[in-house]
Amino acid sequence: MGYNSWMAVGWGISDLIVHEVAGYLQSSGLQAKGYVMIGCDDGWSAHRGPDGRIVPDPKRWPNGLNNVTAFLHANNFTFGLYSSASGVACSGRPGSLYYEDIDAKSFLEWDVDFLKYDNCAQVQ
């Protein structure tokens, strides 16, 4: 069980919100009751770099995703990201179509624990 950013902040997910949610889940006692997952839905990425890798939005993740996952794991949370099976996600940000392998490698390098994967936008 846990938190998915979509219903609370839509495309507005950020490092700050993840830290606030983790703090709330701890202080409210929800983490002790099993709420240990924090999922970042659509809106976390910025674009694809010249190497084809998806780039986290530097305004939303100024210290990168590895710092977020390290913080969450140190506090006994798991971390998830969203991607789409189309060329763009609903937000218009990059989807994983034709980049599945490279995105999976990036998610592993960032220590992402799970992936929410849908086909929100049309194939492009």
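**Strand pairing, packing and core**

User: In E6, which residue is the bridge partner of Gly80?

Analyst: Residues are numbered from 1 along each chain as its sequence is written, and side-chain values use heavy atoms, with hydrogens and water left out. The model is predicted: local features need pLDDT of at least 70 and side-chain atom pairs count only at pLDDT 80 or more, while totals for chains, interfaces and linings use all residues. Elements are DSSP runs numbered from the N terminus: helices (H or I, at least four residues) and strands (E, at least two). In E6, Gly80 has as its bridge partner Phe114.

User: How many bridges join E2 to E5?

Analyst: Two strands pair if DSSP finds at least two bridges between them. Gly39 stands opposite Gly80 in E5. E2 and E5 run parallel, and the bridges that join them number four.

User: In what order do the strands of the open sheet lie?

Analyst: Strands of a sheet pair through backbone hydrogen bonds, either parallel or antiparallel. Here four strands form an open sheet with parallel pairing. Its edge strands, each pairing on one side only, are E1 (2–4) and E6 (114–118). The order is E1-E2-E5-E6.

User: What angle does the direction of H2 make with that of E2?

Analyst: The twist of the sheet averages 20° from one strand to the next. H2 packs on the sheet and touches E1 and E2 (37–40); contact means heavy atoms within 4.5 Å. Angles run from 0 to 180 degrees between N-to-C directions, and axes are lines fitted to C-alpha atoms, for helices over the stretch in contact. The angle between H2 and E2 is about 160°.

User: Why is H2 described as roughly parallel to H3, and at what angle do their axes cross?

Analyst: The axes of H2 (residues 15–27) and H3 (residues 64–74) come within 11 Å. Angles under 35 degrees count as roughly parallel, over 145 as roughly antiparallel, 65 to 115 as roughly perpendicular and the rest as oblique. The two helices are therefore roughly parallel, since their axes cross at roughly 5°.

User: Which residues of H3 make the contact with H2?

Analyst: On the H2 side, the contact is made by Asp15, Val18, His19 and Ala22. Those of H3 are Val68, Phe71 and Leu72.

User: Is Ser83 buried or exposed?

Analyst: Ser83 lies in strand E5. Not counting residues up to four places away in sequence, Ser83 touches several residues, including Phe107, Leu115 and Tyr117. Buried means under 20% relative accessible area, exposed over 50% and partly exposed in between (1.4 Å probe, protein chains only). With a relative accessible area of 2%, Ser83 is buried.

User: Which residues have the most contacts inside the largest nonpolar core?

Analyst: A nonpolar core is a set of buried Ala, Val, Leu, Ile, Met, Phe, Trp, Tyr and Cys residues joined through side-chain atoms within 4.5 Å. The largest one has 23 residues, and its largest share, five residues, comes from H2. The residues with the most contacts inside it are Ile38, Trp44 and Leu81.

User: In E4, which residue is the bridge partner of His47?

Analyst: Three bridges join E3 (residues 45–48) to E4 (residues 54–56), and these strands run antiparallel. They form a hairpin with five residues between them, and Gly52 in the turn has a positive phi of about 90°. The bridge partner of His47 in E4 is Val55.
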